[in-house]
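Here is a short briefing to read alongside the model. It covers a pair of packed helices and then some aromatic rings.

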Amino acid sequence: MSQPSMEIEAMHLGGQRLEWGRRTYLMGIVNLTPDSFSGDGRAGDFEQVMAQARSFEAEADFLDLGAESTRPNATPVAAETELTRLLPALKAIRQGSRRLISVDTMKAEVAKAALDAGAHLVNDVTGLADPAMAALVAERGVGAIVMHSRGTPQTMMNLTDYGADLVGTLIEWFEERLERLTRQGVRREQIILDPGLGFAKTAPQNLEILHRLAEFRRLGRPLLVGLSRKGFIGQLVAGPDQTLPPGQQRDFGTAAGVALAVAGGADIVRVHNVAALAGAVRVADAIARFGA
């Protein structure tokens with residue numbers, strides 16, 4: 001089993017050079033929300049946030065800070081609330097961390113404040129749908145994770161009809177989004193793509209995307225995969241008509257999915273349990289890239 005090969009230009013962020021195709025990078029999730037689906041929300045507990053960030057430092061390449069939940073049916077929050085949760089943690093982490101920091105937000109106002117505070121890239125679940133977000137990314141020249149989604153947290157699970165070819169439809173969407181962002185001044189080499197597992201996708205559709213992940217390589221951009229602790233993982237591990245509750249119980253299933261995502265060509269995997277998953281990523285990388 002070997003990764004699909006495609007030469008992708010390296011990305012420079014925060015004084016670091018990311019050499020896509022050399023290895024899979026690890027992104028650790030720092031949830032600053034009270035309502036995270038994964039059960040690890042740290043809103044209001046600054047000491048726990050800092051302890052988690054410190055624990056990620058040894059293994060993670062990125063720390064991904066998010067202060068608004070985007071799980072199905074999540075309640076939206078105002079930018080002021082998001083910033084109140086985000087900025088103290090981001091500033092403190094930035095002072096003591098050598099890792100690249102991404103901010104998980106769909107609001108240009110929040111992204112601007114986070115970049116001003118030292119974040120290196122924007123992780124936008126709407127795929128930079130807001131022209132103001134695209135303009136900000138273009139102006140700052142920062143990295144941007146462009147994720148596929150449909151609708152809002154309240155409506156997305158009613159928007160899962162992709163016709164006869166799910167992956168083909170997603171690839172077409174990414175091609176159109178890349179073309180639009182280029183017209184808005186965002187350079188292609190700034191962009192990382194995320195197929196958006198669980199965002200307007202059913203459990204079988206998530207599996208199909210992972211099974212066909214290599215097909216996204218034709219887009220010529222690095223791929224991020226975020227399957228950590230998601231509902232379809234809990235369903236698969238528990239068996240028919242059951243599910244595991246959110247949290248660490250889903251980490252073994254996450255490790256299996258992450259390993260296969262690495263084999264399928266993932267350049268970054270986004271996970272909750274960095275300590276547990278770092279070894280799985282190294283083993284999967286060694287097998288997938290053997291002889292390359």
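**Helix packing and aromatic pairs**

Helix H8 (residues 251–264) packs against helix H9 (residues 274–288) at an angle of about 30 degrees, and their axes are 9 Å apart. This is a predicted model, where local features need pLDDT of at least 70 and side-chain atom pairs count only at pLDDT 80 or more, while totals for chains, interfaces and linings use all residues. Residues are numbered from 1 along each chain as its sequence is written, and side-chain values use heavy atoms, leaving out hydrogens and water.

**H8 and H9**

- H8 and H9 are therefore roughly parallel to each other (angles under 35 degrees count as such).
- The contact (heavy atoms within 4.5 Å) involves Asp251, Thr254, Ala255, Val258, Ala259, Val262 and Ala263 on the H8 side, and Leu277, Ala280, Val281, Ala284, Asp285 and Ala288 on the H9 side.
- By type, the residues of this contact of H8 with H9 are 10 nonpolar, one polar and two charged (Ala, Val, Leu, Ile, Met, Phe, Trp, Tyr, Cys and Pro count as nonpolar, Asp, Glu, Lys and Arg as charged, and the others, Gly among them, as polar).

**Aromatic rings**

- Searching the whole structure gives three aromatic pairs (ring centres within 6.5 Å, using the six-membered ring of Trp; planes over 60 degrees apart count as edge-to-face).
- Trp20 and Tyr25 are edge-to-face, because their ring centres are 5.6 Å apart and their planes lie at 75 degrees.
- Trp20 is buried at 7% relative accessibility, and Tyr25 is buried at 2% (buried means under 20% relative accessible area, with a 1.4 Å probe and protein chains only).
- Trp173 and Phe174 also pair edge-to-face, at 5.1 Å centre to centre and 75 degrees between the planes.
- Both Trp173 and Phe174 are buried, and together with Phe216 they form one aromatic cluster.

Terms used:
Axes fitted to C-alpha atoms, helices over the stretch in contact; angles between N-to-C directions. Helix = DSSP H or I, 4+ residues; strand = E, 2+ residues; numbered from the N terminus. Parallel < 35°, antiparallel > 145°, perpendicular 65-115°, else oblique. Phe/Tyr/Trp six-rings, centres within 6.5 Å; stacked < 30°, edge-to-face > 60°. Buried < 20%, exposed > 50% of the residue type's maximum accessible area, 1.4 Å probe, protein only.
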